[in-house]
Each structure stands twice: as structure tokens, then as C-alpha cells.
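Open the model in your viewer and keep the selection panel at hand. The stops below tell you what to select next.

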Amino acid sequence: VNAFYDGSIKIPAPDTRLDTEKFSRYIYHEYTHALISAKTNNNCPIWLNEGIALWEEFRGQRQALENLLIKIKPVPDISMRFLDESFKTNEADKDTALCYLLSYTLVNYILDKWGTAGLQGILKRLAGGQHIANAIDDEFLLSEKEFERRWRDHALTSYWKNKL
């Protein structure tokens with residue numbers, strides 16, 4: 001763990017000096033967690049919170065992150081349930097990078113399709129106590145199943161079109 005947020009941002013002292021770029025990325029990532037926590041009254045699924053934090057961490061360097069996505073094998077189970085169960089259990093341990101990257105693709109899909117207003121709408125609905133599936137349904141007028149189908153198609157064509 002390079003850094004984490006548990007109500008305050010913590011960055012363990014590394015054995016070697018962090019370069020400014022890495023340190024900045026850690027701060028962006030962890031500060032995003034703090035903002036999402038405050039904005040949603042702690043009612044944001046972990047995977048969505050991580051996806052937004054990763055999106056912010058790699059702002060301006062998305063190609064590096066997307067190059068990682070291209071290198072991994074396409075995943076058949078692209079669903080919010082998979083992410084939810086993985087992050088709530090230790091399943092994320094075996095597929096940690098995959099779960100973070102899938103979370104990023106979901107956030108990227110929302111931003112590509114509905115922009116920051118769409119993402120802000122979801123966060124506002126979560127702050128009001130809605131479940132993520134209901135928030136998506138109300139904000140985008142899509143069922144969870146249809147949203148996931150469109151997200152899956154977006155991810156497969158955006159990152160894995162050459163591996164299908």
C-alpha cells in the first residue's frame with residue numbers, strides 16, 4: 001500500500017524518496033476518496049470510489065493506464081455485482097488490479113456518455129441514500145442490466161477489440 005484514506009490521508013514513509021509525480025498521484029487518489037466520502041455521506045460503493053480515484057490519479061496520463069487494460073485478457077463478467085463482491089471480500093486480492101481497472105472503465109464510460117454532470121448526479125443520489133442500481137436507473141433511465149450491457153460493450157470495444 002502506497003497510501004490510503006481512512007478518514008484522513010496516510011502515506012507511509014517509503015524506503016526511498018518518492019518522486020514528485022508519484023507523490024502527486026497518491027495525493028490526487030487519496031484526496032478523491034476524501035471528497036467522495038464527504039460528497040456521498042459515506043454511501044458510495046468501494047469500486048465506484050476506487051474507479052473515480054483512479055480516474056483522477058491518472059488524469060493527464062490515461063494512456064499509461066489504458067495500456068495496462070489493453071494487455072490484460074478480456075473479462076467475461078463485467079458487472080457491478082462482480083466488483084461489489086470482489087471489493088467486499090478478499091476476492092479483490094487475487095484480481096486486485098483487474099477490479100481497479102474495471103472500476104476505472106465504468107467511471108470512464110459514465111464520463112464519456114453522460115459527462116461530469118452524470119457522475120455528479122449519481123453521487124448526489126448516493127448521498128440521498130439511494131442504492132447504486134437505483135441511482136443509475138433514475139439518473140440515466142437505464143436498468144442495471146442494460147447499463148451493464150452498454151458498459152461491457154464500451155469496455156470490450158474500447159480496450160479489448162483486438163482480443164475478441
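**Stop one: F58**

Select F58: its relative accessible area is 12%, so it is buried (under 20%; exposed is over 50%, partly exposed in between; 1.4 Å probe, protein chains only). This is a predicted model: local features need pLDDT of at least 70, side-chain atom pairs count only at pLDDT 80 or more, and totals for chains, interfaces and linings use all residues. Numbering runs from 1 along each chain as its sequence is written, and side-chain values use heavy atoms, without hydrogens or water.

F58 sits in the loop between α2 (46-57) and α3 (62-71). Helices here are DSSP runs (H or I, at least four residues), numbered from the N terminus. Now show its neighbours. Leaving out residues up to four places away in sequence, F58 touches R25 and L65; contact means heavy atoms within 4.5 Å. Draw a distance from F58 to R25: their C-alpha atoms are 7.0 Å apart, across 33 residues of chain.

**Stop two: H29**

Move to helix α1, where H29 is found. Is H29 buried or exposed? H29 is buried, because its relative accessibility is 7%.

**Stop three: Y31**

Stay in helix α1 (residues 20-39) and pick Y31. At 48% relative accessibility, Y31 is partly exposed. With Y31 they form a nonpolar patch on the surface, with about 370 Å² of accessible area together. Patch members have over 30% relative accessible area and no salt bridge (a Lys or Arg side-chain nitrogen within 4 Å of an Asp or Glu carboxyl oxygen). Nonpolar side chains (Val, Leu, Ile, Met, Phe, Trp, Tyr) are joined within 5 Å, like charges within 9 Å. Areas come from the Shrake-Rupley method with a 1.4 Å probe; for residues, only the protein chains shown count as cover.

Terms used: Helices (H or I, at least four residues) and strands (E, at least two) are DSSP runs, numbered from the N terminus.
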